[in-house]
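Subject: Structure for your review

Dear colleague,

Please find the structure below, followed by an account of what was found in it.

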Amino acid sequence: MARSKRRGAAEINSSSMADIAFLLLIFFLVTTTIANDKGLTLQLPPDPDQIQDVDIKMKERNIFKILINSSDKLLVENEPLNDVHKLREMIKKHVLNYGRDPELSENPEKAVISLKANRGTSYDMFIAVYNEAQGAYYDIYAQKAGVTNAKWRELSSDLSNPDNKALYDKAREGIPMSISIAEPN
Amino acid sequence: MSKFKKKSNTSQEIPTSALPDIIFMLLFFFMVTTVLRETTINVRQKVPQATELRKLQRKSLVSYLYVGEPKNTVLYGDEPKIQVNDVFIEPKDIILWVSKEKDKLTEAERDQITIAMKADEDVKMGLVSDIEMQLRKANARKMMFSVRQKTDD
């Protein structure tokens with residue numbers, strides 16, 4: 001019987017395990033870009049060659065005009081504006097006017113935010129203005145749905161959930177997000 | 001005095017046997033959250049900040065487009081350029097690129113393609129609107145301006 005029975009458990013030396021794991025960890029740390037797929041969404045209008053030019057008559061009061069010139073200066077409803085952040089309240093007031101102020105919109109359905117930039121406007125400025133315009137609408141929807149703005153954006157990104165969809169439709173009813181971005185000149 | 005100096009005979013070592021487990025946990029975290037870099041970005045990217053960000057639902061439908069001043073200004077000049085999949089393209093080539101990207105998707109998903117544009121903050125709106133126009137022509141009408149979440153200012 002050559003089989004000698006050894007006493008004591010046979011152990012694999014695992015002290016280098018941490019080193020191996022560290023090496024892998026460092027590899028993934030270096031190659032990683034943490035998934036970043038957030039941004040401002042935008043639905044573009046159809047191909048201009050395929051839509052016929054139709055003159056749509058709109059009342060001046062329903063349109064909230066924002067112009068940005070090539071030196072990033074704002075002209076809002078024919079008056080200069082320095083602070084971009086003021087836009088949000090102005091837009092909310094415009095959309096939710098319900099005919100009270102004769103200068104502002106008749107009702108939210110007819111209200112349009114018209115945004116026009118210049119070819120020399122910086123992308124940074126455009127994003128700032130567009131952010132405020134979308135933010136104003138999100139604020140309105142969120143308030144109607146009884147949630148915070150951040151929560152609203154989260155639930156409106158996932159409409160596959162029927163609860164979200166119901167809330168989404170309810171809040172948006174009668175208030176379409178009409179932000180029109182004109183081609184810059 | 002030596003009354004207080006009680007030398008205990010127990011060993012003072014910190015047990016390190018759990019260390020590999022901790023490291024493995026970190027490792028798995030990074031493995032799961034990782035997206036391996038597919039393209040080297042050759043344009044300057046200082047993305048503007050905004051607050052009203054929304055998440056995209058399905059990442060497989062997203063195609064990325066980078067706009068900015070080339071990093072190698074000696075070779076490519078300092079005019080902002082459009083980069084897709086490692087190459088610079090002209091605005092008119094966008095239609096072709098979009099149709100190639102659409103071919104990668106299944107029939108049903110083709111009109112849901114989302115173009116995420118990551119542009120440098122110094123890019124002018126002229127170029128951005130040229131891109132938008134080409135996307136409209138290519139019938140890729142879902143778009144996203146990829147921006148950073150604004151930190152408190």
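Chain B has four helices and eight strands (DSSP runs numbered from the N terminus, helices being H or I of at least four residues and strands E of at least two). This is a predicted model, in which local features need pLDDT of at least 70, side-chain atom pairs count only at pLDDT 80 or more, and totals for chains, interfaces and linings use all residues. Residues are numbered from 1 along each chain as its sequence is written, chains are lettered from A and ligands numbered from 1 in the order in which they are written, and side-chain values use heavy atoms, with hydrogens and water left out.

Along the sequence, chain B reads α-β-β-β-α-β-β-α-β-α-β-β. Its C-alpha trace spans about 90 × 40 × 35 Å along the principal axes. Of the 153 residues of chain B, 39% count as buried (under 20% relative accessible area; exposed is over 50% and partly exposed in between, with a 1.4 Å probe and protein chains only).

Seven strands form an open sheet of mixed pairing, in the order 2(B)-1(A)-7(B)-6(B)-3(B)-4(B)-5(B); strands pair if DSSP finds at least two bridges between them. At the edges are strand 2 (54-55) and strand 5 of chain B, each pairing on one side only. Strands 4 and 5 of chain B run antiparallel and are joined by three bridges, with Val84(B) opposite Val87(B) in strand 5 of chain B.

Helix 3 (residues 94-103) of chain B has as its buried residues Ile94(B), Trp97(B), Val98(B), Glu101(B) and Lys102(B). These lie on the same side of the helix because they cover an arc of only 140 degrees around the axis, the arc being that of the directions from the helix axis to the C-beta atoms. The face turned away from this buried side carries the exposed residues Leu96(B), Lys100(B) and Asp103(B). The cover over the buried residues includes strand 3 (62-68), strand 6 (114-119) and helix 4 (125-137) of chain B; contact means heavy atoms within 4.5 Å.

The largest nonpolar core has 65 residues, of which Ile66(A), Leu74(A), Met117(B) and Phe145(B) touch the most other members. Such a core is a set of buried Ala, Val, Leu, Ile, Met, Phe, Trp, Tyr and Cys residues joined through side-chain atoms within 4.5 Å. Its largest share, 14 residues, comes from helix 3 (residues 123-145) of chain A. A second, separate core of six residues includes Leu25(A), Phe28(A), Ile23(B) and Leu27(B).

Yours sincerely
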